[in-house]
Amino acid sequence: MGDLLHEAAARRVNELVDQINAHRRAYYEGNTVLISDAEYDALMLELEALERENPDLITGDSPTQTVGGSANVAFAPIEHLERMMSLDNAFSAEELDAWMGKTGATRFLCELKIDGLAVNLRYERGVLVSAATRGDGIVGEDVTANVLTIKSIPRRLEGAGWPDVVEVRGEIFFGLEDFAKLNESLLADGKAPFANPRNSASGSLRQKDPAVTATRPLRMLVHGVGAWGQAPVSNQSELYGILAGWGLPVSSRFEVLSSASEVQAYIAKFGEQRHKLEHEIDGVVVKVDSLSEQSELGYTSRAPRWAIAYKYPPEQVNTKLLDIRIGIGRTGRATPYAVLEPIKVAGSVVEFATLHNQDVVKAKGVLLGDTVVLRKAGDVIPEILGPVVELRDGSEREFVMPSNCPECGSPLQPASEGDVDLRCLNSQGCRAQLRERVAYLGSRGVLDIEALGYVAAVALTQPLEPAVAPVQSEADLFSLTLEDLLPIKSLVLDPDTGLPKLDDDGNPKVVDFFRKKDGSPAEVALKLIRNLEEVKSRPLWRFLVALSIRHVGPVAARSLSAHFGSLENIFSATAAELAAVDGVGPTLADSILEWHQVQWHRDILTSWAAAGVQLSIAGHPGPGAAAGIDGPFKGLSIVVTGTLLEFTREQAEEAIVERGGKAASSVSKNTAFVVAGASAGSKLAKAEALGVEVIDEATFKQRLR
């Protein structure tokens, strides 16, 4: 009975990890949200409970192991000196009152929760030296050049008294008037408008060319600090005064209040004014004002205990449910989505809403043709609450989940016993899955192939001409030539729905995707060939992620790559050897070996290697060789934490491996010593608690010699 229960728990953990990570990718990379905050929180709570009961099921890509999702290294990665945390949420006055009572505090700072993009500014001796998005909370995207174009952010701090190093956190956003003008200009140029101000802020800040960002009137408001040391004030509100004195943009709308009733009044006031403000908000942030009380309350694994976000109830409207269609994802998951009569809700027009799976459709009780209640959960995601039964006229009909994949015709079935979701298991032959995998492979968080976006992935895998697509599997990607690209004619598909976009006459758009009207190569063709050559030397972990192996995300891929040094070593390892790597475990190990047992999967590796893709780390001794290397770190487990001056984290860990050591990601009683740089955090504290030796960078360099 115990084994059966454990197997059921393992299946559910797999489902939850897939679902939560998909929602995180949609938010952090796709600038969209697929479920409400409450539903997301419920999934996280269930996963945490299962992992507490079954710690052997924790995998490297589990959302419980990261903050806010996988770090999205769209540009160069920047490691934050102090971790950027998430916020816990409250959705009712009762939840907020309970939280306030638990803190034991008597003064609370209330401020508006701007619906924008979180950014971390690092100033050294008063000069802005870097700016990064939150990423996974530890490593973010380097957007320094783009942030320097934002007029409200000072390059050099004003006044005096600033420390040698300080991190300033805030939110970058579009004002509503500026957002409207931007969309008007995009439409005038024949370009697609942004869906909402948050998307526009995120898209504008992540431009490859800072000159484009400079044309967008982005703004910022700061709301806290990261690394500083000891701030010379007692309260968060005083801290804001210092930041304002340095010339940083601080909101004038924060208030310090001393009772639950005053906090609720502040929330109610801005709930009424929310659509009259110069920027969008999705709630109010309530913080304990006292810095010493903040320190005593501390943090959970993902969020401070001294702050919470109160989310306003979402807007609701009625609209027609025209159809329910099925989308097929990268792993074959079949997801029903609603096609709606377009309607404006919470500031943007909504045409589609996810329905997750057939059980959700049934539970909501909706029929095709119904008038449905639509809301934007968290003021972002379109969500159908249910039907307006009183408006039915008898023409409505029940939705029937198809039994076959709408793209390849293969049967839809659960991937394993007890799986609620139906999947197309034809991973090799399903064009939809290949299209999604190729688009994923080219995305910023994987190989970051600029010319390989969603539309290009469609053209390569599903062209109208030639009859045979040049990319039949990922194996074909790095051997593409201009001759392969030029004949391609393609439908233009909507990345949100996979449906063809229409021209002005209502016909599907067809384009000569990779060549100009005169037959010469288009810039996108030349860029794609260049990009494919350039990315062949990307870090090994990115290629491991690019294989779309179930559960293998960036965290696990980095650990596996650092430990084994090549894909050949990884796939030659036993399940026990894989599971022993930090952040991996038995579930992920089995998934890796199962993937490699499939011949067409192995063909991808063979083809990539033949095309010159670097599937190993140059000079890496390999796991077996590393164990036998005579060097100062032979047989030692060493942890690097904080920011070093002369090494990146990867360089320090490579130096450890080259000298026979193991570069571990977590501190334990078996850790030989910890190399601690500036702003070392919880790993340093754990080392001190366990009595593990801690050395600085200078001592580390001596030991390397």
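User: How many disulfides does the count come to, and by what rule?

Analyst: The count is zero disulfides. A disulfide is a pair of cysteine sulfur atoms within 2.5 Å. This is a predicted model, in which local features need pLDDT of at least 70 and side-chain atom pairs count only at pLDDT 80 or more, while totals for chains, interfaces and linings use all residues. Residues are numbered from 1 along each chain as its sequence is written, and side-chain values use heavy atoms, with hydrogens and water left out.

User: What makes C405 and C110 buried or exposed?

Analyst: The relative accessible area is 4% for C405 and 0% for C110. Buried means under 20% relative accessible area, exposed over 50%, and partly exposed in between, with a 1.4 Å probe and protein chains only. Both values are under 20%, so C405 and C110 are buried.

User: What is the largest nonpolar core, and which residues have the most contacts inside it?

Analyst: It has 60 residues, and L460, L544, L547, L560 and W608 have the most contacts inside it. A nonpolar core is a set of buried Ala, Val, Leu, Ile, Met, Phe, Trp, Tyr and Cys residues joined through side-chain atoms within 4.5 Å. Among the elements giving two or more residues to this core are α12 (431-441), α16 (540-546) and α17 (554-564). Helices (H or I, at least four residues) and strands (E, at least two) are DSSP runs, numbered from the N terminus. Another core, of 33 residues, lies apart from this one and includes L121 and I153.

User: What makes α12 mostly covered?

Analyst: Ten of its eleven residues are buried, including R435, E436 and R437.

User: Why are β5 and β8 said to stand at the edges of the sheet?

Analyst: The open sheet has four strands in the order β5-β4-β7-β8, with antiparallel pairing. β5 (127-133) and β8 (218-225) each have a single partner strand, so one side of each has no neighbour in the sheet.

User: How do you know that β4 and β7 pair?

Analyst: Two strands pair if DSSP finds at least two bridges between them.
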